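I opened a new page in my notebook for this chain.

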Amino acid sequence: MRWKRYGMLFSSQEYGLDYAKSPQAVLFDEFIRIYFCACKKDGRKLISYVCFADVSRDFQKIFQVCRQVLPDGNLGCFDEHGIFPFSPMVWEDQIYGYTTGWSRRVSVSVETGIGLAVSKDGGKSFARAGEGPVLTGFLDEPFLVADGFVRKFQRLFHMWYIYGQEWRVFEEGAEPDRIYKIGHAMSEDGVTWKREGRQIIADSFSDESQALPCVIFYQGMYHMFFCFRHSFDFRKNKDRSYRIGYAVSKDLKNWSRQDEKLNFPLPETGWDSQMQCYPNVFVMEDHVYMLYNGNEFGKYGFGLAKLEEL
C-alpha cells in the first residue's frame, strides 16, 4: 500500500480537550462527523466520554465541536466509569452507537462491556437502548469484551470486537496487565448477537494484544484494520507500543494477516512517532481514508491519511 499522510487533523489541545481518542467517521452530504472520546478527571482518575467534530469533506475546515453526546453512565452500571471507544453505524433513519463501557474493579483495574445507544436526531445526541450491555463476558470470553465495530454485510449485522484472554502480572510488584484478541459475532437486528467463539486474527508474536478492529469492503475484498501491541511495558516503550495492523478476507470467515503490506511505519519525529493506534478506515467517493491516533493513546488529537495505491 502507499499512503499519503496529512498530519494531525484535529488537535485536542486547541479545543481545550484532554485527549481525542478513537476517531470514527460518519459521512453526511455536506460534512463528515467524526466522533471521538475525550477525558475528564474523576478524582485522580480519568473518565472517557463521547464528543464529535464536524469537518468539511475536503478536511480543510472544522465547522463545530460538540462536547458530549451521551450522558455519563449511572451508578453501578457497566459504563459507570466512562465510554471508550464509541463506534457509530448509520442504520435506516437512525445512528446506532456501539459503546464500550468501563467500570472499575479491585483486583484488576477495569471490566468492560459493549452497549448500544441510539440517535434519532442525526447523531447530535444519543440515548441508551438500556442500562446493560448487548455483549459482555461469557464462558470462553470471560472478561474485557470491548471495541465493538458493527457493519451490515450479506444481510446480517457483523460485529468485530475484542475479548480478554488473561490478566497477568508480568513483573514482580507490577499491576496486572491484560491480553486481548479480536473476535466476531453476527446478528439479525444489531442487538442480539451470536458469537463465532474464536480468535480470528493470528498473533504476530507472543503475548500480543489486538484492539479496535474496523472493516471495509473495497475492490471485491473485505479489509480489516486494527492495532496491536505488546501486553507489558507498552505505555512508554516505543518498541512495544501500538502499531496498526492489517488483514484481508474474501468471505468474512477466514482472515489473512498481512501487516507488511500496510506500509505505515512510525515517522522519525512528530505527534505519531512513538505510537500509532485506534484506526478508523472509511470509503468516501471511492477513496479510502484512515483516521488514527498517535503518541500517548490520542492525548494530542488524531490524524488523517489517504490510500493512494492498494
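Before looking up a bridge partner, I noted the rule for pairing: two strands pair if DSSP finds at least two bridges between them. The model I am reading is predicted.

Entry one, a single bridge. I looked up Glu 166 and found that its bridge partner in β12 is Ile 179.

I checked β11, residues 156-168, against β12, residues 177-187. They pair in the antiparallel sense, over eleven bridges.

I traced four strands in the order β10-β11-β12-β13. The sheet is open, and the pairing is antiparallel. Which strands sit at the edges? I found β10 (143-153) and β13 (194-195), each of which pairs on one side only.

I counted two helices and 20 strands. The radius of gyration is 18 Å, close to the 19 Å that the globule rule gives for 310 residues, so the chain is as compact as a globular protein of that length. Along its principal axes, the C-alpha trace spans about 50 × 40 × 40 Å.

Among contacts with a separation of 6 or more, 52% come from residues 24 or more positions apart.

The accessible surface comes to about 14000 Å², and carbon and sulfur atoms hold 47% of it. I listed 38 positive and 41 negative side chains. The centres of these two sets lie 1 Å apart.

Definitions and conventions. Residues numbered from 1 in each chain as written. Predicted model: local features only at pLDDT ≥ 70, side-chain atom pairs only at ≥ 80, totals over all residues. Heavy atoms only, no water. Rg over C-alpha atoms; globule rule 2.2 N^0.38 Å. Contact = heavy atoms within 4.5 Å. Areas by Shrake-Rupley, 256 points an atom, 1.4 Å probe, with all protein chains shown as cover. Lys, Arg positive; Asp, Glu negative; His and termini not counted. Charge placed at Lys NZ, Arg CZ, Asp CG, Glu CD.
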